[in-house]
Amino acid sequence: TKVLGNDMYEVTDISNNTSNHHRKDLRVRKRHSIAIGHTSDDKAHDRHSMQHFTTQELMWLEDYMRNNFPSDIPFGHIRIFYTHSDNAAQHFKNTGAIHYFSTLIKERGGAACTAFVYNFGAPGHGKGPYDGIGGRWKSKIDQCIVSSTDSGPLDYTDSHYIKNVKDVYDALVHHFEKGEHRNVQLAGKNPIHKYKFFLNTFDYKPIERPLNEKFITLEGIKKHYQYAIANEGIVNMRQKPCWCPKCMKALSKPSSGWSSTPYQIAGCKSLSRQHGANNSAYEFTKHSCAKIAGRNVAEVAEQIRHERSTLNNVCAELTVGEWL
């Protein structure tokens, strides 16, 4: 945008078309930050815990949006979803975790209606605002332990001290989820508008770890940092992410129709630069990470066969001038 004066702005869109608009007619975008934490006595930090936590978070987040931002979730589910995490292979960047991420589209409209993108940070650069938030939570628990020792029992935990994971959960809920007004001044220009905590123990909502799961290995996963879900068990991936306007527009739409491989996003700024031999780093290639053994394998295979059969039947009835 460009300020013209008298509350008028010149707006340039993604196609370089310009138009003038009054300030009141421009959409106001407001940042709404949510910090979600999980407490558990399960100390196995693997992809199964990540999947368990992600499922809980997404279901809660969609319900939160339906109640507070209904216009931003018109279909009742999140259909455009960007995820960013560090490069940890144990619980984030592995074939099983990517396959799980691809299954999230199933209940949200499927491949033709969703744009789910997973981005990984470069190795050695995993720090972000979430590390600071987690640090605050840990510091608060340390303060609670000292307070219960020096000043007497706590009135917001079952044991009145910090003895177990339930006490940690209760303390975090008390000081953050139910006490946001006391912490706003600490957040500066980027406040946390909502805190939410989940409790998972071996006896309450335990983390499941299905046995004998096998997947088609994603070749080159260590060298690729951006994944666009094409379908359940199928991903388009490229070595380097790009967030130019053309890429943002393309990644905000389903990638299931990217038929060619390698696939280039038309107008990608990174592709248009001269990268020499590394220019292919910004091309997407399609790969399978399908589950081949374990729970729900037969169900998924039957669903794919049914979808293909239905699509073939519809295509067979098309006439000249019609398209699907």
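Strand 9 (226-231) and strand 10 (234-238) pair in the antiparallel sense over five bridges. Two strands count as paired if DSSP finds at least two bridges between them. Helices (H or I, at least four residues) and strands (E, at least two) are DSSP runs, numbered from the N terminus. This is a predicted model, in which local features need pLDDT of at least 70 and side-chain atom pairs count only at pLDDT 80 or more, while totals for chains, interfaces and linings use all residues. Residues are numbered from 1 along each chain as its sequence is written, and side-chain values use heavy atoms, with hydrogens and water left out.

Valine 235 has histidine 287 of strand 11 as its bridge partner. Four of the five residues of strand 10 are buried, so the strand is largely enclosed by the rest of the structure. Buried means under 20% relative accessible area, exposed means over 50%, and partly exposed lies in between (1.4 Å probe, protein chains only).

**Nonpolar cores**

A nonpolar core is a set of buried Ala, Val, Leu, Ile, Met, Phe, Trp, Tyr and Cys residues joined through side-chain atoms within 4.5 Å. The largest such core has 25 residues, and Ile98, Phe101, Phe116, Phe120, Leu218, Tyr227 and Val235 touch the most other members. Two or more residues each come from helix 1 (47-68), helix 2 (95-103), strand 6 (115-120), strand 9 and strand 10. Helix 2 gives the largest share, four residues. A second, separate core holds 17 residues, including Ile141, Cys144, Ala171 and Val173.

Phenylalanine 116 is buried at 1% relative accessibility. Neighbours within four places in sequence left aside, phenylalanine 116 is in contact (heavy atoms within 4.5 Å) with Ile78, Arg79, Phe81, Phe101, Leu104, Ile105, Arg108, Tyr227, Ala228 and Ile229.

**Aromatic pairs and charges over rings**

There are 16 aromatic pairs in the structure. Rings of Phe, Tyr and Trp (its six-membered ring) pair if their centres lie within 6.5 Å; planes under 30 degrees apart count as stacked, over 60 as edge-to-face and the rest as tilted. The table gives two of these pairs.

| Pair | Centre to centre | Angle between planes | Class |
|---|---|---|---|
| Phenylalanine 101 and phenylalanine 116 | 5.8 Å | 50 degrees | tilted |
| Tryptophan 258 and phenylalanine 284 | 5.0 Å | 55 degrees | tilted |

Phenylalanine 101 lies in helix 2 and phenylalanine 116 in strand 6, so their pair ties together parts that are 15 residues apart in sequence. Phenylalanine 101 is buried, with a relative accessible area of 3%. In the other pair, tryptophan 258 belongs to the loop between helix 5 (245-251) and helix 6 (269-272), and phenylalanine 284 to the loop between helix 6 and strand 11, 26 residues apart. Both tryptophan 258 and phenylalanine 284 are buried.

One aromatic cluster is formed by Phe81, Phe101, Phe116, Tyr118, Phe120 and Tyr227. The charged end of lysine 93 sits over the ring of phenylalanine 120, 5.4 Å from its centre. The charged end of lysine 93 also sits over the ring of tyrosine 225, 3.7 Å from its centre. A charge sits over a ring if NZ of Lys or CZ of Arg is within 6 Å of the ring centre and within 35 degrees of the ring normal.

Three strands form an open antiparallel sheet in the order 1-2-3. Strand 1 (2-5) and strand 3 (18-22) stand at the edges with a single partner strand each, so one side of each is left without a neighbour in the sheet. Strand 2 (residues 8-12) pairs with strand 3 over five bridges, and methionine 8 has histidine 22 of strand 3 as its bridge partner.

In helix 4 (residues 165-177), 10 of the 13 residues are buried, so the helix is largely enclosed by the rest of the structure. The buried residues of helix 4 pack against strand 4 (34-40), helix 3 (129-150) and strand 7 (194-200).

**Whole chain**

The chain has seven helices and 12 strands. Of its 324 residues, 36% are buried. Among contacts with a separation of 6 or more, 64% join residues 24 or more positions apart.
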